Amino acid sequence: MAVVSSLKIYPCSSLTKEKEREKLLENPGFGKVFSDHMALILWSETRGWHNAQITERKPFQLDPASAVLHYAQEIFEGLKAYRAKDGRLLLFRPEQNARRFSRSAQRMAMPVIPEELFLNAIKELVKIDKEWIPDGEDASLYLRPFMFAKEAFLGVRPAKEYIFCVIASPVGSYFKGGGESIILWVEKYLSRAVPGGTATAKCGGNYAASLKAQALAREKGCDQVVFLDIIKRHQVEEIGGMNIFFSLDNNALITPPLNGAILPGITRSSILILAKDAGFKTEERGYSFEEWERDAVSGRLKEVFACGTAAVITNISHVRHEVGEFSIGDGKLGPVAQQLRQKLIGIQRGILHDPYSWVQRID
């Protein structure tokens, strides 16, 4: 089969008018506003990857028996495009998203899209919809590559037809009010994902499994839910769709290990590198909820923060659980999180020197 690498461009015939777009970009929120175009690539068992194009964003037409609707063969990624002050269009470590997408596809018995094709689809979409990148400190163009099973059949087996698509959404801060700090609910009964399951794949089913716990957290007046290990309900694992870090008074920065139940976060891995190079003692080890509460009460724990593509680095100021609650710090982003956040954002936006070659320019 021929390997597809380039995409045919079919510009939208009725682009959003400039004034309307400017109004939408004033306060886009998160994931509510979308750009004019999308990338679209098809795959079939007989033809491989084909019909790669940038086209007008529009609804899909799916057969009611499409496999994704019955057996949840679906995966996705999330990354952002930034506009530097000098006008350059930048992506942050997109090859890592491509590689994680491939691992997710393999776990879900789906075809692996070539890394070059994955990256070209993203870059061509950003180029044609670059006017949708909003200005502002927390603003960016959020990119959502995803793939799902299209074949119409009701037998239980991997599908033979798939759609790969990339859509773009101008976004501001992930959390309402700028997300200066959030409150967590500790979930001791429900689980998001388990070792040996699909925990290390970025698939919709994992997020669906977290929604009930998230709703319960909201009822408790919390912004997010944090999950504990499935065996003993003892070790801290991750927050809904984000990773978590603990900063202690001995210059240690702890994050739970990738034990098969946690999605390997690209922001997480970047923070570990930045922190180590800044002189912090980084540790990927188990950290129990009991240890968390004890260290918070004693003052040994100085900061806790969540991290992810959407949230970047967000302070965790308060924790609630079944029999009590406790606070960490003064409710504001602490000096460690501030230092790492400024470095990370500075590299992502082309403000600071990038010694790791993480940033890719879109020409």
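User: Let's start with R233: how exposed is R233?
Analyst: R233 is partly exposed, at a relative accessible area of 22%. Buried means under 20% relative accessible area, exposed means over 50%, and partly exposed lies in between (1.4 Å probe, protein chains only). This is a predicted model: local features need pLDDT of at least 70, side-chain atom pairs count only at pLDDT 80 or more, and totals for chains, interfaces and linings use all residues. Residues are numbered from 1 along each chain as its sequence is written, and side-chain values use heavy atoms, with hydrogens and water left out.

User: Where is R233?
Analyst: R233 sits in the loop between β10 (224-228) and β11 (236-239). Helices (H or I, at least four residues) and strands (E, at least two) are DSSP runs, numbered from the N terminus. The phi of R233 is near 50 degrees, a positive value in a residue other than glycine. Most residues other than glycine have a negative phi.

User: And what is phi at N251?
Analyst: Near 70 degrees, again a positive value in a residue other than glycine. N251 lies in the loop between β12 (243-248) and β13. N251 counts as partly exposed, at 35% relative accessibility.

User: Next residue, A252. Buried or exposed?
Analyst: A252 counts as buried, with 2% relative accessibility. A252 is in strand β13 (residues 252-255).

User: What does A252 touch?
Analyst: Leaving aside neighbours within four places in sequence, A252 is in contact with F246, S247, K281 and E283. Contact means heavy atoms within 4.5 Å.

User: How far is A252 from L263?
Analyst: They are 22 Å apart in space, C-alpha to C-alpha, and 11 residues apart in sequence.

User: Switching to helices. How do α7 and α9 pack?
Analyst: Helix α7 (residues 266-277) and helix α9 (residues 335-348) pack at about 115 degrees, with axes 10 Å apart. Axes are lines fitted to C-alpha atoms, for helices over the stretch in contact, and angles run from 0 to 180 degrees between N-to-C directions. The two helices are therefore roughly perpendicular. Angles under 35 degrees count as roughly parallel, over 145 as roughly antiparallel, 65 to 115 as roughly perpendicular, and the rest as oblique.

User: Which residues make the contact?
Analyst: T267, S270, I271, L274 and A275 of α7 meet L340, K343, L344 and I347 of α9. By class, the contact of α7 with α9 has 6 nonpolar, 2 polar and 1 charged. Ala, Val, Leu, Ile, Met, Phe, Trp, Tyr, Cys and Pro count as nonpolar, Asp, Glu, Lys and Arg as charged, and the others, Gly among them, as polar.

User: Last one, α8. Which residues are buried there?
Analyst: In helix α8 (residues 289-298), F289, E291, W292, D295 and A296 are buried. Seen down the axis, they fall within an arc of 160 degrees, so they line one face of the helix. That arc is of the directions from the helix axis to the C-beta atoms.

User: What's on the other side of α8?
Analyst: R294, V297 and S298, which are exposed. Just after α8, G299 takes a positive phi of about 90 degrees.
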